Amino acid sequence: MRYLMLLLALFVSAARAEDAKPFDPSDYPPGVQKALRYANEECTSQDGGEVTFAPDTVRKIDLTGDGRDDYIVDFQDTKCGDRETTYCGTGGCVINILVTLPDGNVRPVFDGYVLRYKIMAPPMKRGAARTVRFDLHGSFCGGFGPQTCAKQKAITATPFAFKQP
């Protein structure tokens, strides 16, 4: 019976793997595609070869509270040929946050290196912006390298950046 269960589990896993759709930048609006082109440009500038995006490179989620999909483009698992560190360094990995405007256009509001990020629980007030917690390189809080620096930001259509003191 145990072997039958194992065989069934393997069959289901294989079926899911076949159903998994490969990452396709054309599935996203032009503004998101532009952010994804950065990966190709950076890889080409380093003579790195072909870019491989992870299936979860782009995350769709309403961050601004307006009911429209916004986007987080996270290059953490993006590969440039056989290189694994083209888009990451001691300060984390490149992420872009893009929000969808009322006219349907997508605006970049953040582009920077982040060690980790966490989208906080939705606000109690309907239509309010979501807050994202960013873990940054220690230098953004006056420290150095491994000292993590946490900053929070409510995501709106206004661009922002984190500055080192």
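Two strands pair if DSSP finds at least two bridges between them. Helices (H or I, at least four residues) and strands (E, at least two) are DSSP runs, numbered from the N terminus. The structure is a predicted model, in which local features need pLDDT of at least 70 and side-chain atom pairs count only at pLDDT 80 or more, while totals for chains, interfaces and linings use all residues. Residues are numbered from 1 along each chain as its sequence is written, and side-chain values use heavy atoms, with hydrogens and water left out.

Strand E3 pairs with E6 in the antiparallel sense over four bridges, and Tyr71 stands opposite Leu98 in E6. Strand E3 also pairs with strand E2 (residues 58-61), again in the antiparallel sense and over four bridges. There, Arg59 has Ile72 of E3 as its bridge partner.

Buried here means under 20% relative accessible area, exposed means over 50%, and partly exposed lies in between (1.4 Å probe, protein chains only). In a regular strand the side chains alternate between the two faces of the sheet. In E3, Asp70, Ile72 and Asp74 point one way, Tyr71 and Val73 point the other way, and all are buried.

A pocket is an open set of points on a 1 Å grid over the protein atoms alone, where a 1.4 Å probe fits, with protein on both sides within 12 Å along at least five of seven lines; lining residues have an atom within 4 Å of a point. Grid points are joined across faces, edges and corners, and a volume is the space filled by probe spheres set on the points. The largest pocket holds about 240 Å³ of space. It is lined by 14 residues, of which Ala35, Asn96, Leu98, Pro108 and Asp111 are the closest to its centre. Helix H2 (30-45), strand E6 (92-100) and strand E7 (106-114) are the elements that give two or more residues to this lining. The largest share, five residues, comes from E7. By class, the lining has 10 nonpolar, two polar and two charged residues; Ala, Val, Leu, Ile, Met, Phe, Trp, Tyr, Cys and Pro count as nonpolar, Asp, Glu, Lys and Arg as charged, and the others, Gly among them, as polar.

The loop between H2 and strand E1 (51-52) contains Asp47. Most residues other than glycine have a negative phi. Asp47 is not a glycine, yet has a positive phi of about 50 degrees. At 69% relative accessibility, Asp47 is exposed.

Three strands form a separate topic: they make an open sheet in the order E8-E9-E10, with antiparallel pairing. Strand E8 (116-119) and strand E10 (149-154) stand at the edges with a single partner strand each, so one side of each has no neighbour in the sheet. Neighbouring strands of this sheet are turned by 20 degrees against each other on average, direction ignored; axes are lines fitted to C-alpha atoms, for helices over the stretch in contact, and angles run from 0 to 180 degrees between N-to-C directions. Strand E9 (residues 131-136) pairs with E10 over six bridges in the antiparallel sense, and Arg133 stands opposite Gln152 in E10.

The disulfides come last. A disulfide is a covalent bond between the sulfur atoms of two cysteines; the criterion used is a pair of cysteine sulfur atoms within 2.5 Å. The whole structure has three disulfides. With bonded cysteines counted along the chain, their pattern is 1-2, 3-4, 5-6.

In the pair Cys43 and Cys80, the sulfur atoms are 2.0 Å apart. This pair links distant parts of the chain, with Cys43 in helix H2 and Cys80 in strand E4 (residues 79-80), 37 residues apart. The link is right-handed, with 90 degrees about the S-S bond. Cys43 is buried at 0% relative accessible area, and Cys80 is buried at 0% as well.

Cys88 and Cys93 have their sulfur atoms 1.9 Å apart. The torsion about their S-S bond is about 110 degrees, so this disulfide is right-handed. Cys93 is buried at 10%.

Cys141 and Cys149 have their sulfur atoms 1.8 Å apart, and a torsion of about 60 degrees about the S-S bond makes their disulfide right-handed. Cys141 is partly exposed at 46% relative accessibility, whereas Cys149 is buried at 1%.
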